[in-house]
Amino acid sequence: MYNEIDLDKIDVNAGPPTEEPDRQYYFMAKCREWVRTFERKNKRLPKSCVVNMGCQMNARDSEKLRGVLREIGYEETESEDADFVIYNTCTVRENANLKVYGRLGVLHGYKKKNPNMKIALCGCMMQEPSVVEKLQKSYRFVDLIFGTHNIYKFAELLWTVLSSDRMTIDIWNDTDRIVEELPIERKYPFKSGVNIMFGCNNFCSYCIVPYVRGRERSREAKDIIKEIKGLVKDGVSEIMLLGQNVNSYGKNLQEPMTFARLLQEVEKIEGLERIRFMTSHPKDLSEELIQVMAESKKICRHLHLPLQSGSSKVLNVMNRKYTKEQYVELAEKIRKAIPDIALTTDIIVGFPGETEEDFQETLDVVRRVRYDSAFTFIYSKRTGTPAASMKDQVPEDVVKDRFDRLLKEVQDISKEMAERFTGTKQLVLVEELNRQMKGYMTGRLGNNHIVHFPGDASMIGQILLVRLDECRGFYYMGSLTEI
Ligand code: SAH
Ligand code: SF4
Ligand code: F3S
């Protein structure tokens, strides 16, 4: 396992190994020497700051970056006024993308005060050639740029940056590689994300993810199981299996395996209490999966099932490969098989060509499925995607009006849905001290709802029984109870 590798035993004067992950451990050892020299000179450790800007998959990647930095000997800080700062970027919507440029200006200010500071950018936004061009031209103070496919090479790239003063850029167009057994620094001791696949092959017409994350690749089930067993040994009781479309897991493995089968294997792991997963594409959600979920003791009663639009016409242009009727039928089937399940979704308003009638269809699905919660997005034009060049882009004021109406509907329904659990006793994973109310803890139900209840820090990481006394819209107030 990665934790057992002793960097001090690596001969940094020899040449780098060609095999992975050995090669990266070699560069970690080299960087560690650099850290020691820094420490002697400055009487302190260098500080690093990893900023995550994207989804759960990006968050997991950030944990890998932190793992390498910890191994090397950097002291982690939340302040961006540090010796090494890395932004792990997202580009799914334009506003995520624009924020980066603004923040880079602030980083430049820090760098002027601390000329040894190194600034790095990685993640999805870096896979866009226009972004890299702009950085090369107007943001010369950035030291390192790399993308999503070669993140496993972070230690090697960091070494290049520490040992030179030039801007280093390393972007790959795609990869079929998955490098296992690199260090990871988890944010929570008791829960963790676990990648089961990378990339996406769906090419929904609005979405940039397939272009920046490459083709779908599944990890071998044995590697996934080994990682989860290691996590459980390390105190993790809840895992979230991560992929852009977990329902197509295993299709490209040498020995193909379904996602439902993988879940059954994961369920067998002793000591693991809760299993979550993200995200499910409705077109690939199988009967087998519903069955496995219904029978499982560990899979949480929560399913995120992105709708995107309720209009079959729009869904077709979006290339989602299901109709309104098929979606609603699927949702009904799931609710019937697993009555206490919480269904959540993603919805886009203002997709090119969306009419008021199309939007009414979306509202209709929202009212019929009755989501426990929904993320609503204003359509954002992403250069290079088919939708970006479609005619009939919807005017901004119309989109805003639809967005407000959708949000209200979604929120009203969520509140009503949450009420159905008031008064019940639920198992809750205690996550953290409540930041607003002293003496209160915050925990998460299997169905992903949040509850605040009186308690103390010793409960963090435990799964306890809590009575949901009062529903306050998006969260509950509760109290510890017994069966
Ligand atoms: N793979 C996941 C989604 C990843 S992106 C899935 O298919 O469910 C997360 C969400 O961002 C999507 O579900 C979609 O609702 C939203 N999204 C993606 N591209 C977008 C765009 N161009 N404009 C607005 N929202 C977008
Ligand atoms: Fe984007 Fe569609 Fe792939 Fe999800 S399934 S990441 S929305 S292309
Ligand atoms: Fe964003 Fe990349 Fe995730 S574009 S949503 S961080 S896969």
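Entry 1: I began with Asp358, which counts as buried at 7% relative accessibility (buried means under 20% relative accessible area, exposed over 50%, partly exposed in between, with a 1.4 Å probe and protein chains only). I am reading a predicted model, where local features need pLDDT of at least 70, side-chain atom pairs count only at pLDDT 80 or more, and totals for chains, interfaces and linings use all residues. Residues are numbered from 1 along each chain as its sequence is written, and side-chain values use heavy atoms, with hydrogens and water left out.

**Entry 2: its partner.** I found that Asp358 forms a salt bridge with Lys313 (2.7 Å, N to O); the term means a side-chain nitrogen of Lys or Arg within 4 Å of a carboxyl oxygen of Asp or Glu. Asp358 sits in helix α12 (residues 356-369) and Lys313 in helix α10 (residues 312-318), so the pair ties together parts 45 residues apart in sequence. Helices (H or I, at least four residues) and strands (E, at least two) are DSSP runs, numbered from the N terminus. Lys313 is partly exposed, at 44%.

Entry 3: I looked up Lys333 and Glu287, whose side chains meet in a salt bridge (2.6 Å, N to O). Lys333 belongs to helix α11 (residues 324-337) and Glu287 to helix α9 (residues 287-295), 46 residues apart. Lys333 is partly exposed, at 35%.

Entry 4: Which residue does Lys113 meet in a salt bridge? I found Asp81, at 3.4 Å, N to O. Lys113 is exposed at 61% relative accessibility, and Asp81 is partly exposed at 34%.

**Entry 5: the tally.** I noted 50 salt bridges in the structure.

Technical notes. Chains are lettered from A and ligands numbered from 1 in the order in which they are written.
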